[in-house]
Amino acid sequence: MHAPGGSDTNTEVPGRVVSQGGGGGMGPGARTGDSPEIRVAAVDDHPILLDGIAAHFARHASGIRLVATAENVGALFDELTGENTVSVVLLDLRLRDGSDVASNVRRLLAAGARVLVFTGEQRPALVRRALDEGALGLVLKEDPQDRLVEAIRTRTPARSTSPAAWPIQS
């Protein structure tokens, strides 16, 4: 697993994937007050992209922190142990390990995480499979940076994700 966020990695030990209704995960390091810190994990096989997400959140997304990253869902589960929580998992649809999109979404949901698809993949059939399995929505890697932050904060789709909106194409 890649440790996002630079020098504070000694204080951030990723936790199990647990979604706590509505407000994001509360755990060690969570903010107090009106809005708890939203703890995010990301599954993508491009480390530089993961570093960029962590840096963007640190500079422009108060209350959102990337606390765990991995190159595939299995690696994320291997690393997520302990008492911390992760509420949202950003999931790329095409990973080098060849894992099945629907299976990845099901595994993450079964662990209690909300899944937000964050991908450059635009084939409607692949996107539809993730959404049909329960992913919250889709944010494309080419979208404006604020769209990802907004989608995480609201836990709602950043663009139309009705399965009817994605015609099956090969």
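The largest cavity in this structure holds about 30 Å³ of space, where a cavity is, on a 1 Å grid over the protein atoms alone, a set of points at which a 1.4 Å probe fits but cannot get out, and where a volume is the space filled by probe spheres set on grid points joined across faces, edges and corners. Before I go on, please keep in mind that this is a predicted model, in which local features need pLDDT of at least 70 and side-chain atom pairs count only at pLDDT 80 or more, while totals for chains, interfaces and linings use all residues. Residues are numbered from 1 along each chain as its sequence is written, and side-chain values use heavy atoms, with hydrogens and water left out.

A search of the whole structure finds one cavity of 30 Å³ or more. Its lining, meaning residues with an atom within 4 Å of a point, consists of Ala42, Val43, Asp44, Leu49, Leu50, Ile53, Leu90, Leu91, Asp92 and Phe118. Two or more of the lining residues come from each of strand S2 (38-43), helix H1 (47-60) and S5, and H1 gives the most, with three residues. Helices (H or I, at least four residues) and strands (E, at least two) are DSSP runs, numbered from the N terminus.

The largest pocket, by contrast, is an open set of points with protein on both sides within 12 Å along at least five of seven lines, and the volume of this pocket is about 200 Å³. Of the 13 residues that line the largest pocket, Ile53, Phe118, Lys141, Gln145 and Leu148 are the closest to its centre. Here too H1 gives the most to the lining, with five residues.

Let me turn to strand S6, to which Phe118 belongs. Six of the six residues of S6 (residues 114-119) are buried, so the strand is largely enclosed by the rest of the structure; buried means under 20% relative accessible area, exposed over 50%, and partly exposed in between, with a 1.4 Å probe and protein chains only. In a regular strand the side chains alternate between the two faces of the sheet. In S6 both faces are covered, with Arg114, Leu116 and Phe118 buried on one side and Val115, Val117 and Thr119 buried on the other.

What does S6 pair with? S6 pairs in the parallel sense over four bridges with strand S5 (residues 88-91), and likewise in the parallel sense over four bridges with strand S7 (residues 137-140), two strands being paired if DSSP finds at least two bridges between them. Leu116 stands opposite Leu90, and in S7 its bridge partner is Gly137. S6, helix H4 (residues 124-132) and S7 make a right-handed β-α-β unit, which is to say that, with the strands pointing away from the viewer, the path from the first strand over the helix to the second runs clockwise.

Asn104 is buried, with a relative accessible area of 3%. Leaving aside neighbours within four places in sequence, Asn104 is in contact (heavy atoms within 4.5 Å) with Val73, Leu91, Leu95 and Ser99.

Finally, the whole protein has five helices and seven strands, and buried residues make up 46% of its 170 residues. Among contacts between residues at least 6 apart in sequence, 74% join residues at least 24 apart.
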